[in-house]
Structure formats: C-alpha cells, structure tokens
Amino acid sequence: MKIHPKLIGFDIDGVVADTMEAFIRLAAEDYGVSVLPEDITRFQVEKCLDVDLNMINEIFDRLLFEPEKSGLMPMDYAPAVLEEFSRYGPLTFITARPHRDPIAAWLKATLGHEVFKKVRLVATGEHDGKVDYVREMDLQYFVDDRAQTCRQLADAGISPIVFHQPWNAGRHELQIVDNWLSIRELCFI
Ligand SMILES: [Mg+2]
C-alpha cells in the first residue's frame with residue numbers, strides 16, 4: 001500500500017460531487033443559460049461568468065439544500081473507490097458547506113447505507129477554515145478543488161492533492177489528480 005486510505009480526507013463539491021455538471025445543467029434547463037465548463041475559470045463563478053447573480057445564488061442554494069432533488073451526481077468512479085477505501089478505515093469528508101444534513105443525506109444515498117456507516121462528515125461553513133479540521137481528524141492528505149485551500153493545507157504541513165478543475169488550472173504547483181482512478185492509484189498499485 002502506498003498511502004493508507006484512512007489518511008486521506010476529501011472535499012465534496014468538485015471532488016466527490018460533480019457540482020459543475022449540476023450547475024451547468026440547471027442553468028440550461030431552468031434558466032435557458034448556456035455555460036461551458038471551460039468558462040468556469042474562477043472558484044467564485046460570479047467572477048468569471050457574465051450571468052445574472054440571482055441565478056447563480058438560486059442554483060447554489062438548491063445544490064446546498066436539495067442536492068438529491070437537484071440531481072447532483074457523484075464524479076465517475078467516486079462511489080466505487082470510496083467503497084473500497086471504506087474497507088480500510090473511516091471515510092472523512094470536510095466540506096465548506098454550511099449545512100450538514102442535506103449533504104449527509106446525499107452521501108448516504110450515493111454511497112449506500114453500509115459505506116455511509118464509515119463516514120465522518122464535517123460541514124465547516126467557511127472556505128478558509130479547513131486546516132484545523134484536517135488536523136483534528138488526523139489526516140495527512142486532503143483532496144480539494146480549491147487552490148487556495150490546498151495552499152493553506154500545504155503551508156500547515158499537510159499534503160494537499162488538487163482535484164483538477166478548470167477553476168484551479170494553472171493556479172498552483174501542487175500535486176494534481178484528474179479523476180478517482182488516480183486517487184485510487186495513490187493508495188493501491
Ligand atoms: Mg470543492
């Protein structure tokens with residue numbers, strides 16, 4: 001084993017959940033607004049998209065409060081890899097979402113009841129506060145799609161792994177993964 005899976009923690013949006021797909025789909029279906037993945041070049045989408053701010057806020061509210069109803073999907077292979085990791089210890093998720101319950105229900109539905117029993121889930125409610133939680137959970141590695149969060153972790157002596165997304169491309173010089181099969185390869189040959 002290369003890295004023990006129990007030492008890796010995960011962000012949810014943009015890592016476990018394909019939040020960008022849901023955002024683009026809801027914008028198209030419910031607002032008739034076309035957004036391309038490569039247009040989302042900033043973590044704060046309102047800073048890179050020339051669209052109505054109310055639309056952005058409404059869509060993110062729906063994804064926060066009703067992730068299942070909004071059709072939020074897991075990233076390819078995330079459920080299978082997490083199921084495999086769950087055999088080796090707890091699965092730890094630290095999200096900046098302010099509300100734990102809706103995303104806990106989504107994780108339970110996505111991973112299944114048995115795997116969910118192994119889940120530790122923290123909703124911090126702030127983008128810049130992850131370092132303390134990562135330490136508290138005894139993690140040595142953390143996968144996140146926000147370059148700034150990854151930099152803060154690196155400064156604190158934790159090994160960040162950037163999940164590649166258009167909004168973090170070229171914004172860091174840290175270790176990158178492109179997908180969940182690459183995350184699996186961090187642990188298993
Ligand atoms: Mg994220």
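**View 1. Two domains of the protein chain.** The centres of domain 1 and domain 2, taken over C-alpha atoms, are separated by 22 Å. The model shown is predicted. Domain 1 comprises residues 5-17 + 74-187, and domain 2 comprises residues 19-65.

**View 2. The interface between the domains.** Here 14 residues of domain 1 are in contact with eleven residues of domain 2. About 1100 Å² is buried between domain 1 and domain 2, with 63% of this area on carbon and sulfur atoms. On the domain 1 side, the residues that lose the most area to domain 2 are Arg-97, Pro-166 and Trp-167. Together these three residues account for 44% of what the domain 1 side buries.

View 3. The magnesium ion has protein donors from Asp-11 (OD), Asp-13 (O) and Asp-145 (OD). Along the chain, the donors follow the spacing D-x1-D-x131-D. Asp-11 and Asp-13 are both buried.

**View 4. Strands E1 and E4.** Strand E1 (residues 8-10) runs parallel to strand E4 (residues 141-144), and three bridges join the pair. Ile-8 has Tyr-141 in E4 as its bridge partner.

View 5. Opposite Phe-142 stands Pro-160 in E5. Between E4 and E5 the chain passes through helix H7 (residues 147-155), forming a right-handed β-α-β crossover.

Methods:
Residues numbered from 1 in each chain as written. Predicted model: local features only at pLDDT ≥ 70, side-chain atom pairs only at ≥ 80, totals over all residues. Heavy atoms only, no water. Donors = N, O, S within 2.8 Å, 3.2 Å for Na, K, Ca; no water. Buried < 20%, exposed > 50% of the residue type's maximum accessible area, 1.4 Å probe, protein only. Pairing = 2+ DSSP bridges. Helix = DSSP H or I, 4+ residues; strand = E, 2+ residues; numbered from the N terminus. Right-handed = clockwise from strand over helix to strand, strands pointing away. Domains from an automatic or database assignment. Contact = heavy atoms within 4.5 Å. Buried area = accessible area lost by both parts, 1.4 Å probe.
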